[in-house]
Amino acid sequence: MSGSTKVLDPAFQGAGQKPGTEIWRIENFEAVPVPKSDHGKFYMGDTYIVLQTTQNKSGAYLFDIHFWIGKDTSQDEAGTAAVKTVELDAVLGGRAVQHREIQGHESDKFLSYFKPCIIPLEGGVASGFKTPEEEVFETRLYTCKGKRAIRLKQVPFARTSLNHDDVFILDTEEKIYQFNGANSNIQERAKALEVVQYLKDKYHEGTCDVAIVDDGKLDTESDSGAFWVLFGGFAPIGRKVANDDDITPESTPPKLYCIADGKVEPIDGDLSKSMLENTKCYLLDCGSEVFIWVGRVTQVDERKVASQSAEDLLASENRPKATRVTRVIQGYESHSFKSNFDSWPSGSATPGNEEGRGKVAALLKQQGVGLKGIAKSAPVIEDIPPLLEGGGKLE
């Protein structure tokens with residue numbers, strides 16, 4: 001789609017051409033590709049875009065776009081990532097499912113791309129990166145949670161970070177310790193051991209020692225004694241303390257906002273499907289989740305404004321970090337989105353990818369254009385106008 005490239009980031013050229021994971025980091029408001037050797041590393045001061053491309057049984061490509069927001073990233077960078085996901089989606093044909101991922105509250109789907117887990121690291125591009133020769137090993141303490149998808153979180157290296165309910169990993173230069181809280185479950189202990197092995201292989205060249213320390217069992221002659229020495233000596237540890245990450249957003253009555261001409265205007269009255277115009281974008285605020293609804297003949301710039309508006313809404317109202325943001329396309333709405341409307345006619349099944357390709361092929365055939373170059377992920381015919389900026393054409 002040659003015309004659309006005028007408004008889209010060249011960093012996304014060639015994206016989604018084969019199954020797998022592709023990652024970009026936002027640097028100075030630009031998307032910069034992350035080499036595969038660094039996949040799984042996420043700096044807390046940065047924002048990332050992750051594209052997962054899969055192939056279904058019929059050979060069609062399916063796309064999931066995630067933008068990951070580190071806890072120390074700036075609001076401007078988060079907004080840039082939200083806008084860039086719209087550009088990446090346009091390159092892919094406007095059909096990708098988009099997900100907003102907050103550090104510490106990542107979806108299981110996102111975490112499943114990285115085995116056994118993602119590694120959250122202090123710092124970010126703004127603070128500068130050191131070469132391997134300049135790096136000095138830093139002892140890190142992590143909590144390790146999850147029975148299926150593993151959530152690794154760096155916490156302060158202090159006794160006060162420990163508790164009886166979780167599993168912790170202490171990564172030192174000479175040895176990796178796994179501390180099993182007395183109340184932790186066997187599944188999480190087993191998953192943590194996978195992470196320990198991963199850290200050993202990836203950051204210690206497979207040569208460092210590994211030690212298991214059980215909560216409440218102190219043996220000064222064993223690894224347990226060495227573990228507690230690193231914390232200044234053995235002493236009782238406290239109970240788990242709730243923090244901001246433990247706050248669960250509450251659902252509220254849905255509120256609908258129309259986004260047009262760069263303005264966000266509330267819409268009053270009972271919600272019905274007829275309120276949604278295909279030339280506009282909307283925000284549906286349900287408290288615990290915010291939906292972005294995109295009309296199928298909206299322009300790329302309008303889709304960017306909608307994504308930025310969702311970010312602004314969350315920031316202005318200081319919403320909990322676990323608040324989810326999901327973008328849906330007209331005709332491809334999820335059940336959870338539809339359930340907020342009083343009248344949503346049944347039978348509006350989502351058209352299949354193959355059906356969409358068929359519509360595009362039929363149109364091109366009428367115009368005497370060959371099928372060469374039609375992507376496996378080609379959008380349905382209704383999506384062609386907004387994605388052909390500047391009078392571009394399918395080639």
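1. Helices (H or I, at least four residues) and strands (E, at least two) are DSSP runs, numbered from the N terminus. The model is predicted, and local features need pLDDT of at least 70, side-chain atom pairs count only at pLDDT 80 or more, and totals for chains, interfaces and linings use all residues. Residues are numbered from 1 along each chain as its sequence is written, and side-chain values use heavy atoms, with hydrogens and water left out.

2. Thr 323 has a relative accessible area of 2% and is therefore buried. Here buried means under 20% relative accessible area, exposed over 50%, and partly exposed in between (1.4 Å probe, protein chains only). The side chain of Thr 323 reaches the backbone oxygen of Pro 320 at 2.8 Å. Leaving aside residues up to four places away in sequence, Thr 323 touches Arg 100, Pro 249, Gly 287, Ser 288, Glu 289, Val 290 and Leu 314; contact means heavy atoms within 4.5 Å.

3. Strand E11 (residues 175-180) is mostly covered, with six of its six residues buried. On one side these are Lys 175, Tyr 177 and Phe 179, and on the other Ile 176, Gln 178 and Asn 180, so that both faces of E11 are covered.

4. E11 pairs with strand E10 (residues 167-171) in the antiparallel sense, through five bridges. Two strands pair if DSSP finds at least two bridges between them. Three residues separate E10 and E11, which form a hairpin. Within this pairing, Gln 178 in E11 is the bridge partner of Ile 169.

5. E11 also pairs with strand E12 (residues 209-214), here in the parallel sense and over six bridges. Phe 179 stands opposite Val 213 in E12.

6. A nonpolar patch on the surface is formed by Leu 193, Val 210 and Ile 212, with about 230 Å² of accessible area together. Patches are made of residues with over 30% relative accessible area and no salt bridge, like charges being joined within 9 Å and nonpolar side chains (Val, Leu, Ile, Met, Phe, Trp, Tyr) within 5 Å. Accessible areas come from the Shrake-Rupley method with a 1.4 Å probe, and for residues only the protein chains shown count as cover. Leu 193 lies in helix H3 (residues 186-203) and, at 44% relative accessibility, counts as partly exposed.

7. The structure holds 18 salt bridges, each being a side-chain nitrogen of Lys or Arg within 4 Å of a carboxyl oxygen of Asp or Glu. One of them joins Asp 72 to Lys 71, with the closest N and O atoms 3.2 Å apart. Asp 72 is partly exposed at 42% relative accessibility, and Lys 71 is partly exposed at 45%.

8. In helix H1 (residues 75-91), Glu 87 and Lys 84 lie three residues apart, about one turn of the helix. Their closest N and O atoms are 3.8 Å apart in a salt bridge. Glu 87 is buried, at 6% relative accessible area, and Lys 84 is buried at 10%.

9. Arg 324 forms a salt bridge with Glu 101, the closest N and O atoms being 3.9 Å apart. Because Arg 324 lies in strand E17 and Glu 101 in strand E6 (residues 97-102), the pair ties together parts that are 223 residues apart in sequence. Arg 324 is partly exposed at 28% relative accessibility, whereas Glu 101 is buried at 0%. Elsewhere, salt bridges that share partners join Asp 9, Lys 84, Glu 87 and Lys 304 into one network.

Key. Polar contact = N/O pair within 3.5 Å; in protein donor to acceptor, adjacent residues only side chain to side chain.
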